Amino acid sequence: MLWLQNILSRTSEQVIMEMNLVRPVAAAMASILVAGRSFRKKSLDISGAIFAVFVMTIHITVNYRFAAILLAFFFTSSKLTKIGEDRKRKVDADFKDGGQRNCGIATLLVLITWKLVGAHDYCLDAKESPLLTSLAGGIIGHYCCCNGDTWSSELGVLSDEQPRLITSFKPVRKGTNGGVTKAGLLAAAAGGSVIGLTFFLLGLVTTNCAFDVSKKQLFVIPLSALFGLCGSVIDSLLGATLQYSGFCTVRNKVVGKPGPTVKKISGLCILDNNAVNLLSILLTSLLSSIAFSYVF
């Protein structure tokens, strides 16, 4: 009987090892399909597609809910970027196909989560695990900021409403960094709520929370809407103060660098668009991490 137990023991270990290998391989294949499709549709360039495969593979392997909110951000923002492209190019000299896709901070937090609990999904419960709840809050806040700011930028610039500089509320040209509209701010909150709703709905399948804890999970939706708005506001404040905006009389567009034909609108030449995005994501992730640890 001892030999049979040894065989069964080795077999179970092999099964576990095979299962541990299947998930990342399947994740990589799914990521390649998604990134390849986006590359063909010109939503990503080649470097963006390679990075997307890396990021998506990590998210899918570690936690399906984190992967879901990443994909919710990726697909919705990609679609919105395509809407009204011609109108956006006319007002914004820095407009790019596919928009911004910055997932570095969230990927780092996902890897820390994997180090702590592996691929096990969990409920948001600060009493049970304050660190894991805080990490989840940071990841959710990251994508709320990304999605909220993208929705705000892509839909706000198409609004007929006159943008106003967030620091002075003076009317400014469309495409000005730090210019906000009511439609843009509502879009930011909606973009954030989509992240929270995705996280919550998938959690009904992937987690088994106690009754009192499960009721509190609903708070992730309004919190996500809040941090979608918060991320957009932070981005606008940084853009209005530390990022240069000027109007080029030759190109008849808002530009991000001073020049002999450029009349300054607002801001200083301290941060570029990528730096503003990164800093707003970092600050929003930090704030949401703290908020989740208190709310849950």
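The model is a predicted one. The chain contains ten helices and five strands, and 46% of its 296 residues count as buried. Among contacts in the chain with a separation of 6 or more, 71% are between residues 24 or more positions apart.

**Disulfide and other cysteines**

- The structure has one disulfide, formed by C123 and C209, whose sulfur atoms lie 2.0 Å apart.
- Distant parts of the chain are joined by this pair, whose members are 86 residues apart. C123 sits in the loop between helix 5 (104–117) and helix 6 (130–156), while C209 sits in the loop between helix 7 (182–206) and helix 8 (211–216).
- The link of C123 and C209 is left-handed, with -105° about the S-S bond.
- C123 and C209 are both buried.
- C144, by contrast, takes part in no disulfide. The nearest cysteine sulfur to C144 is that of C145, at 8.8 Å, and a disulfide requires sulfur atoms within 2.5 Å.
- C144 has a relative accessible area of 0% and is therefore buried, the cut-off being under 20%.
- C248 is buried as well, because its relative accessible area of 5% falls under 20%.

**Helix 3 against helix 7**

- Helix 3 (residues 64–82) packs with helix 7 at an angle of about 150°, and their axes are 9 Å apart.
- Because angles over 145 degrees count as roughly antiparallel, helix 3 and helix 7 are roughly antiparallel to each other.
- Helix 3 and helix 7 cross in a right-handed sense.
- On the side of helix 3, the contact is made by Y64, R65, F66, A68, I69, A72 and F73. Helix 7 contributes V194, I195, T198, F199, L202, G203 and T206.
- By class, the residues of the contact between helix 3 and helix 7 comprise ten nonpolar, three polar and one charged.

**Helix 9 against helix 10**

- Helix 9 (residues 220–242) and helix 10 (residues 273–295) pack with their axes 9 Å apart and at an angle of about 150°.
- Helix 9 is therefore roughly antiparallel to helix 10, the cut-off for that class being over 145 degrees.
- The crossing of helix 9 and helix 10 is right-handed.
- From helix 9, the contact involves V220, L223, F227, C230, G231, I234, D235, L238 and G239. Their partners in helix 10 are V276, N277, L279, S280, L283, T284, L287, S288, A291, F292 and V295.
- The contact of helix 9 with helix 10 has 13 nonpolar residues, six polar residues and one charged residue.

**I290 in helix 10**

- I290 is a residue of helix 10.
- I290 and L135 are separated by 155 residues in sequence, and their C-alpha atoms are 9.3 Å apart in space.

Note on methods: Residues are numbered from 1 along each chain as its sequence is written. This is a predicted model: local features need pLDDT of at least 70, side-chain atom pairs count only at pLDDT 80 or more; totals for chains, interfaces and linings use all residues. Side-chain values use heavy atoms; hydrogens and water are left out. Helices (H or I, at least four residues) and strands (E, at least two) are DSSP runs, numbered from the N terminus. Buried means under 20% relative accessible area, exposed over 50%, partly exposed in between (1.4 Å probe, protein chains only). Axes are lines fitted to C-alpha atoms, for helices over the stretch in contact, and angles run from 0 to 180 degrees between N-to-C directions. Angles under 35 degrees count as roughly parallel, over 145 as roughly antiparallel, 65 to 115 as roughly perpendicular and the rest as oblique. A crossing is left-handed if the near helix is turned anticlockwise from the far one by less than a right angle, and right-handed if clockwise. Contact means heavy atoms within 4.5 Å. Ala, Val, Leu, Ile, Met, Phe, Trp, Tyr, Cys and Pro count as nonpolar, Asp, Glu, Lys and Arg as charged, and the others, Gly among them, as polar.
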